[in-house]
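Please look over the model shown below before reading the notes, which are grouped by chain and by contact.

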Amino acid sequence: MEKQSIKGWLYLLPAVLFLGVFMVYPLIDVFIYSFEEGYNSASQTYYGVGLYNYRYVLRDPYFLQAVKNTFILVAVTVPLSTGIALLISVALSSIKALRNLFQTVYFLPYVTNTLAVGLVFMILFKKTPYTDGFANLVINWFGGESVDFIDGPYWAKMFVLCFYTIWVVMPFKILILTSALASVNEIYYNAAKVDGTPRLRVFARITLPMISPTVFYLIITGFIGAFKAYSDAVALFGTNLNAAEMNTIVGYVYDMLYGNSGGYPSYASAAAIILFAIVLTITCINLMISRKHVHY
Amino acid sequence: MANQMDYEMIEKRAKAGNFAVKALIYALLAVWGIVVLFPFYWMILTSLKSYSAYSSEFVPQLYTLAPTLENYQDAFTAVPLGSYFINTLIFTVATTAIMLFVTVLAAFAFARLDFPGKDIAFVVFLSLMMIPNELVVITNFVTITNLDMRNTFVGLILPSVTSVFYIYLLRENFAQIPDELYYAAKVDATSDLKYLFKVMIPICRPTLITITILKVIECWNSYVWPRLITDDQAYFLVSNGIQEIRENGFGRENIPAMMAAVVVISVPLIVLFLVFHKKIMAGVARGGMKG
Amino acid sequence: MKVALQNLTKRFPGRGRGAKDVIAVNDFTFEIPDGKLIGLLGPSGCGKSTTLNLLCGLQKPTSGRIFFGDDEVTKLPAEKRGVGFVFQNYALYPHLTVRQNIMFPLENLKGEQKMTKAQMQEKALEAARLVQIEELMDRKPSELSGGQQQRVAIARALVKRPRILLLDEPLSNLDARLRLQTREEIRRIQRETKITTIFVTHDQEEAMSISDLIVVMKDGVVHQIGKPQEVYDKPVNLFVAQFLGTPPVNTFDGRVKGGKLYIGDEAVLSVEGADDQAVYVGIRPEGFVPEKDGALGCGLVRVEVMGRDVSVVCTHGAAQNTSVRAIIDSDCEIDEEADTVRFSLKPGKVHIFSKETQQRIDCRLFI
């Protein structure tokens, strides 16, 4: 028995070591950092314990800008991407020919490098002295004025960021929703058909309630993911996000840690914990709502 | 007989309605298909245009009549794209290999072995799944910096190795193997380790492949941690390389060359995807639902 | 509503390259009289479920026509046919309550048929009362037993007053006791509503016990249509004879020669109206009467007492099955220690079939 127990822990040892050093310890440490005032990373000293870091972060205009950006991003992309993904998945599930091709194509963004494709998006949307870019070409076709989406007005930059974020998260949502739709037993559709149920009603009364757990799951993970947005913004607007007014909360954390304005792990920790608190709150609210509305 | 006419009308209308709905559906799907594929088309197209041709287009052209490969040459010579590539390859292979080793052993212990504290340990593991990376990155950054491991592969790899979720996924799969097999192997005096490698791993190969592919994708696209931990170009991965190229590369406006670099770093994963697309999609769907 | 099928055929493309089409229903012609309960009976894969799907419009026939009354509905989509369908697994919407499930078909009605909420409630309650589940209206399907779910499914199918009612294997998901009860229930509901009802089953006892007419199918082909007793008493071929009845009919190799029916070397019955030929002889288990000087001698294996009657298990060299089973009155004396037992046969329980075509040979058998 004794030998068996040593053996069990021996197999677990590598995992425990890695997780302990790179997950459990940092998790505790981040809270400690966030309360250590005036921490100096060179000398590893600090001169007080308290809430100063949180106060500083919450008053930092860059942080407030990042919070605003993140909330707009979340509010726009989560409902839109879930809605469009639902529409596309339902459309996908109702066809036979070309279905696999479409499904494969739609999944492509999942396996591509966010930074790399973000660069392509930037070029599509950027207006330079030499060219107005492809997006503006399309706008001009419809009689609109050219806009610089990358260095121009705030709403234009926000639009590109939301658009790109949706483009990036779509494959996962479509995939999950199509497999959820496929798992709805065909017999319910047959039953509805015999009763002469119109398509829309079938969707609203049968399909949607039956996949509602998946939809809520996607909404919850969508919120979490969107709150952690960062590399999409970097891909579009470069590493100096504060200057572009396009920083996100996670971006702020990393900027505090490293880079031009970096070297403040305490501020970074405070900001990260604030983010975590926001995400936790929103997730709890989501779960409470889903309890009420999910039918299983 | 009057009734009969009605029925024919109904039939016809139902058919026409169906056709219209089908057409609408395909139109919608095609539009999204274009939205997805267009950036890829654009990057390949631009990468084939010569710098002078691209610069002279005030109105972007949707095709090119004089494709050239010189941008690809530039991509490998003007910036160290080749070395970004090799770095990423080393990083991906090493991280995935260590991850597999750690994951298999841990999943085996949780699924097969009995030892005191196992249940508690498993609960702790599961709760770790909820921890967002953003919270722990800060300390890891400080740790690696203090250990003087910035700009080393060790510093890049070690914190990226473990994934609680994969351990969980594999454990679930291991646990589905009937106990009888294990007892049969015990009767034949098979050691635990041999049982793991000769029985469990072959049976769970699909899951292992899924995990491997997902980890490879994750590694290939990872940006945040490498950005924090490397500022020496010699250790840049492709994501950081792209960002570097964008900010200081070919001279800011040589977009065709940038696009060539983007194509080059996107190709490996797209090829991997096209070869394994069924496995990858099934894996992500399964992982997604359980996560 | 009278229902007529004319040369109804359904082919499915075969799987794989060069595979032949699968013919699920082959040239089915039949007229179902108004207000009857019809059992479609056959082994699994015989095309009975496909027939049902063709009737309700979930599948379209390859050729042939379907009439409801005088209206042709062959190409009409399912929703326009006005049929009620009870699915094998009931297909109750799990997220809706019983009441909502039953009201669901009514909410789809359009135009003049459109109902107010109160009318729907009323109709739903009426349907629920018919199947006796009115006290379960606010439960979810997952909170009901199999039998209750079945009733809800029937209520849902009936609530819109369908022109015909179709049931796919209505009893297969119920346990034995419930099955007996439910089939009576189906009979009663059908009598009360007088809706032409067609149900599919692979269980011959189920079909025989409640149907006005049964249709025996195999491999997409209709073998026999008739009243249950008629089909049992006069099976048109060996398949129908073997398929109907529990325990199944005992089949022997035999021959007709000079006005006598021989099994092995023994002349068991006299025959009139059949030429000399090799035949299959089907003897119902209840067609055996043990008698000291009976015409047919068998090897005795064992005697199983089943209360009301006794089952005698024997062997015979000419039998197609390994054992021959005879059901006899428990009053009859059988020497269980004996090696052999002799039976005389009830001519009405003996059928002979051509060896070549397996078709029934219509002739008079007597002792």
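In chain B, residues 24 or more positions apart account for 76% of the contacts with a separation of 6 or more, where two residues are in contact if their C-beta atoms, placed from the backbone, lie within 7 Å. This is a predicted model, in which local features need pLDDT of at least 70 and side-chain atom pairs count only at pLDDT 80 or more, while totals for chains, interfaces and linings use all residues. Residues are numbered from 1 along each chain as its sequence is written, and chains are lettered from A and ligands numbered from 1 in the order in which they are written.

**Chain B as a whole**

- Chain B holds 14 helices and 0 strands, these being DSSP runs numbered from the N terminus (helices H or I, at least four residues; strands E, at least two).
- The radius of gyration of chain B, taken over C-alpha atoms, is 26 Å, well over the 19 Å that the globule rule gives for 291 residues, so chain B is more spread out than a compact globule; the rule is 2.2 Å times the number of residues to the power 0.38.
- The C-alpha trace of chain B spans about 80 × 70 × 35 Å along its principal axes, and buried residues make up 39% of the 291 residues, a residue being buried if 20 or more other C-beta atoms, placed from the backbone, lie within 10 Å of its own.

**Contacts between chains**

- Between chains A and B, 71 residues of chain A are in contact with 69 residues of chain B, and helix α1 (residues 2–35) of chain A gives the most to chain A's side, with 19 residues.
- That side of chain A has 52 nonpolar, 16 polar and 3 charged residues, where Ala, Val, Leu, Ile, Met, Phe, Trp, Tyr, Cys and Pro count as nonpolar, Asp, Glu, Lys and Arg as charged, and the others, Gly among them, as polar.
- Between chains C and A, 15 residues of chain C are in contact with 15 residues of chain A, and the elements giving two or more residues to the chain C side are β6 and α2 (98–107) of chain C.
- The chain C side of that contact divides into 10 nonpolar, 3 polar and 2 charged residues.

**Helices of chain A**

- The axes of α3 (residues 61–93) and α9 (residues 199–227) of chain A come within 10 Å and cross at roughly 145 degrees, with axes fitted to C-alpha atoms over the stretch in contact and angles running from 0 to 180 degrees between N-to-C directions.
- Residues of α3(A) including Leu73(A) and Val74(A) meet residues of α9(A), among them Leu218(A) and Ile219(A), and the residues of this contact divide into 11 nonpolar, 5 polar and no charged.
- Helix α11 (residues 249–257) of chain A is mostly covered, with 9 of its 9 residues buried, and these pack against α3, α9, α10 (231–237) and α12 (265–293) of chain A together with α6 (133–146) and α12 (224–229) of chain B.

**The sheet of chain C**

- An open sheet of 6 strands in chain C has the order β6-β7-β8-β3-β9-β10, with mixed pairing, two strands being paired if DSSP finds at least two bridges between them.
- Strands β6 (83–86) and β10 (221–226) of chain C stand at the edges, each with a single partner strand, so one side of each is left without a neighbour in the sheet.
- Strands β3 (residues 37–41) and β8 (residues 196–201) of chain C pair in the parallel sense over 5 bridges, and the bridge partner of Leu37(C) in β8(C) is Thr197(C).

Conventions:
A residue is buried if 20 or more other C-beta atoms lie within 10 Å of its own, exposed if 12 or fewer, and partly exposed in between; C-beta atoms are placed from the backbone.
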